[in-house]
Amino acid sequence: MPDTPDHHAAAQGEFSSVDDVTARFADHGYIADRRLATTVFLLSRMDKPVLLEGPAGVGKTELAKTLAAATGRRLLRLQCYEGQDESKALYEWDYGKQLLYTQMLRDKIGEITAAAPDLATAMQRISEQDSAFFSDRFLAPRPLLDAVRGEEPAVLLIDEVDRADEALEAVLLECLAEFQVSVPEIGTYTAKIPPYMVLTSNNTRDLSAALKRRCLHLFLDYPDAERELAILKAKNTGLPDAAAGHLVEVVRGLRELELRKSPSISETIDWARTLAVLGVQELNPAVLAETANVVLKYERDMDRALGVLPRLVDPNAELPEAGHHAHGHGHGHSHGPGQGHSHGPGHVHRDPGQDPDGDEPDGQAVRTAKDLPGRHDEGYYGAPGAGPTRRIAPGEGQGARAFAAITRRRP
């Protein structure tokens, strides 16, 4: 393989410059900043894989898809997961096909072993035919081998490599460094046209230094407001530009909250499309509260966000009284020292035994006050009442009947 940077001169879809990367990515709806475009250009010229790290939903996987579309290469994807072994990533033998061929050639095998004086000689003659059954004809390629052995240029996406076991990570090293895959029964396959290799990681665990050393590295984070707005416009969400700009500011405000999962870029795009489908022309707290589940996937995050949405939409807005947001109960519970249960403006009651001045309630007093007769509604299971019409006599219970059935079956 030539060491000069121009050995890809005849390769399909070669980028001529960093600006060319930016322009061609933009043509496919991917807004790349200068640092990202430079990394992609180096990937295409230096034959080095790139490792993209960062939070989920910032465009790592989409980058590989856009790279394939912009260069006209076929996209091969290896989705990593815990417990994945090399047979799912590299190759495996098509045992069903091998067995079929064995049955078809049974007579021929009989001819080969017919004159064998003993079993050892027959086995030796059969073993000499191994190459006929362990060849390309019976090899089922997986994404890594397909990318190396393929005749067409490819982009190989190894997605969420941090979810794979360290054993698979070690298997990847040969392919990352040499663009080759070794098959013990056959030999080593080396790529005629090195694939563009993109690895992504959500940082669920640290990757090995050996893997990082073989890759260019780029950390993708949430973009600034201007670039995120440009991404929204490039995706043709249908939301008016003014509303899209307002939505970007709201999402950026949500990301500053202590959420379990912050809204990603892809979720911002989904939110914009949702609002466009609803015909929204101008943002208001009500419509954002009704659709916030598009970007907020945990109840705690939803509760925390709904309380500040009015302020994010309008910095001068008055926040509502403390209470429930949409829970579907018809009333809220706002718990805190001295607050008790809030059922609406002007209606606040405290638990029995709580100090009226707002001090912490006395636990013993609260328990005593709750232990009152008749506190359960009628029909409550276990409540005082008529009870069963007939008591079960000793020996009539379900356990006794089961024990009797067992003893009857004994010899």
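Helix α1 (residues 18-27) and helix α2 (residues 34-46) have axes that come within 8 Å and cross at roughly 105°. The model is predicted: local features need pLDDT of at least 70, side-chain atom pairs count only at pLDDT 80 or more, and totals for chains, interfaces and linings use all residues. Residues are numbered from 1 along each chain as its sequence is written, and side-chain values use heavy atoms, with hydrogens and water left out.

- Two packed helices are described by the angle between their axes and the distance between the axes.
- The axes are lines fitted to C-alpha atoms, for helices over the stretch in contact, and the angles run from 0 to 180 degrees between N-to-C directions.
- α1 and α2 are therefore roughly perpendicular to each other (under 35 degrees counts as roughly parallel, over 145 as roughly antiparallel, 65 to 115 as roughly perpendicular and the rest as oblique).
- On the α1 side the contact (heavy atoms within 4.5 Å) is made by V18, D19, V21, T22 and F25.
- On the α2 side R34, A37, T38, V40 and F41 take part.

**Overall composition**
- The protein has 19 helices and eleven strands; these are DSSP runs numbered from the N terminus, helices being H or I of at least four residues and strands E of at least two.
- Of its 411 residues, 36% count as buried (under 20% relative accessible area, with exposed over 50% and partly exposed in between, for a 1.4 Å probe and protein chains only).
- The protein exposes about 24,000 Å², of which carbon and sulfur atoms supply 51%; accessible areas come from the Shrake-Rupley method with a 1.4 Å probe, and for residues only the protein chains shown count as cover.
- Among contacts with a separation of 6 or more, 69% join residues 24 or more positions apart.

**Nonpolar cores**
- In soluble globular proteins, nonpolar side chains tend to be buried together.
- The largest nonpolar core has 55 residues; such a core is a set of buried Ala, Val, Leu, Ile, Met, Phe, Trp, Tyr and Cys residues joined through side-chain atoms within 4.5 Å.
- Helix α13 (residues 241-255) provides the largest share of this core, seven residues.
- Apart from it lies another core, of 34 residues, including C80, F138, L168 and C175.
- In the largest core, the residues with the most contacts inside it are F25, L67, L247, W271, L275 and L288.
- Not counting residues up to four places away in sequence, W271 touches L247, V250, V251, L254, L288, T291, A292, V294 and V295.

**Cysteines**
- The structure holds zero disulfides (pairs of cysteine sulfur atoms within 2.5 Å).
- C175 is buried, with a relative accessible area of 2%, and C215 also counts as buried, at 8% relative accessibility.

**Residue E62**
- E62 lies in helix α3 (residues 60-71) and counts as partly exposed at 32% relative accessibility.
- Leaving aside neighbours within four places in sequence, E62 is in contact with Y30 and K235.
- The C-alpha atoms of E62 and S266 are separated by 9.7 Å, although the two residues are 204 residues apart along the chain.

**Positive phi values**
- Most residues other than glycine have a negative phi, and most peptide bonds are trans.
- D47, which is not a glycine, has a positive phi of about 55°; D47 is found in the loop between α2 and β1 (50-53) and counts as buried at 11% relative accessibility.
- F179 has a positive phi near 50°; F179 is found in the loop between α10 (166-178) and β6 (180-183) and counts as buried at 4% relative accessibility.
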